[in-house]
Number of protein chains: 2
Amino acid sequence: MRLLEEKILSDGEAISKEVLKVDAFLNHQIDSKLMFEIGKEFAKLFANEEITKIVTIESSGIAPAVMTGLQLNVPVIFARKQKSLTLNEALLTTSVHSFTKNVTNNISISKKYLNDNDKILIIDDFLANGQAALGLVDLIHQANATVVGIGILIEKSFQSGAQKLKDLGLRVESLARIESLENGVVNFISEKVEELI
Amino acid sequence: MRLLEEKILSDGEAISKEVLKVDAFLNHQIDSKLMFEIGKEFAKLFANEEITKIVTIESSGIAPAVMTGLQLNVPVIFARKQKSLTLNEALLTTSVHSFTKNVTNNISISKKYLNDNDKILIIDDFLANGQAALGLVDLIHQANATVVGIGILIEKSFQSGAQKLKDLGLRVESLARIESLENGVVNFISEKVEELI
């Protein structure tokens, strides 16, 4: 998605070979108009999938997920990293390791918001090693619901997450695919020719 | 706001005299269309305030804040409860106690996203004892920016937060104001007569 790639180039920061910092428009400050356009793009990509719900994970997945939910007209559920006193009913739970933050969290979704008829679109900000997305897939499968696709804003294609998800037969749509972050320079995987026409 | 009050009555749950559970449309599952309408309402209420940025706190404030940001065409910043490895620059920090979760968190905003020219609208999901809102006010004042108003979805008016904020001279706009949650029944403070005409 050209708009997102341009934003990454103008406002993102490759702070190491593995870490792209996008606090300026996604992970701390949020560009709502960009999120709206991203929601439109995901809604278009998954228009024919009869999606019933979107699942994401707090916190940075929420903005693009609600913009997608607005345009697909379906509810959004965000998996919780901490238990809340008001979230004490039956939970689906799994553990997810974040390499960026170097912590392992239990993530949870209340059982009552997912059922076996649901066709779920997962939305998340980054796809790197795939831990968060695989955790969400696990929660959805625990509910016997179907994952119809995974919409990612920024895929670090030099890490293994996208391949792991594709190996499970899952459709992955990443709006920006990063080939490398060497020497502070962001290199994208070239878009397919048909997308450039 | 009639739409929000109706949603609270249909999908909310008064689980004690002090706790209203709205996981069905705000704190776990999110009704994006409702959040869009809430964003429109805040944008209308604060249309003349020349707001430059919206500040909220993860996670439940993000959805209504980005919908408001979309319609006021300003960036949204969400205060972080945990430090991230990619959020390691100069931070504004304060501590906030959550009575619902019974934890005290440090919350932080990166210094570079707030400056002394900013006119800030704070958006949050609940206003109870006012701890979260007061923490955000503190962060904004640390940056020498101006708080022009506070937009709250659900005010528990039987707790002291709204009064504390008003005592600081701050404008508080709460879309649903709850008088009591006795016996599992949600009672709203009656809307002013002119709003009913």
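1. Where in chain A does A:Gly130 lie? A:Gly130 sits in the loop between β8 and α5 of chain A, where helices (H or I, at least four residues) and strands (E, at least two) are DSSP runs, numbered from the N terminus. A:Gly130 is buried, its relative accessible area being 4% (buried means under 20%, with a 1.4 Å probe and protein chains only).

2. The model is predicted: local features need pLDDT of at least 70, side-chain atom pairs count only at pLDDT 80 or more, and totals for chains, interfaces and linings use all residues. Residues are numbered from 1 along each chain as its sequence is written, chains are lettered from A in the order in which they are written, and side-chain values use heavy atoms, without hydrogens and water.

3. A:Ala128 also belongs to the loop between β8 (119-127) and α5 (131-142) of chain A. A:Ala128 is buried at a relative accessible area of 17%. Leaving aside residues up to four places away in sequence, A:Ala128 touches A:Lys156, A:Gln159, A:Ser160 and A:Gly161 (contact means heavy atoms within 4.5 Å).

4. An unreviewed UniProt entry lists A:Ala128, A:Asn129, A:Gly130, A:Gln131 and A:Ala132 under "binding site"; such annotations may be inferred rather than shown by experiment.

5. In chain B, helix α1 (residues 2-11) packs with helix α3 (residues 32-45) at an angle of about 145 degrees, with the axes 10 Å apart (axes are lines fitted to C-alpha atoms over the stretch in contact, and angles run from 0 to 180 degrees between N-to-C directions). B:Leu3, B:Leu4 and B:Lys7 of α1(B) make the contact with B:Leu34, B:Glu37 and B:Ile38 of α3(B).

Definitions and conventions
Buried means under 20% relative accessible area, exposed over 50%, partly exposed in between (1.4 Å probe, protein chains only).
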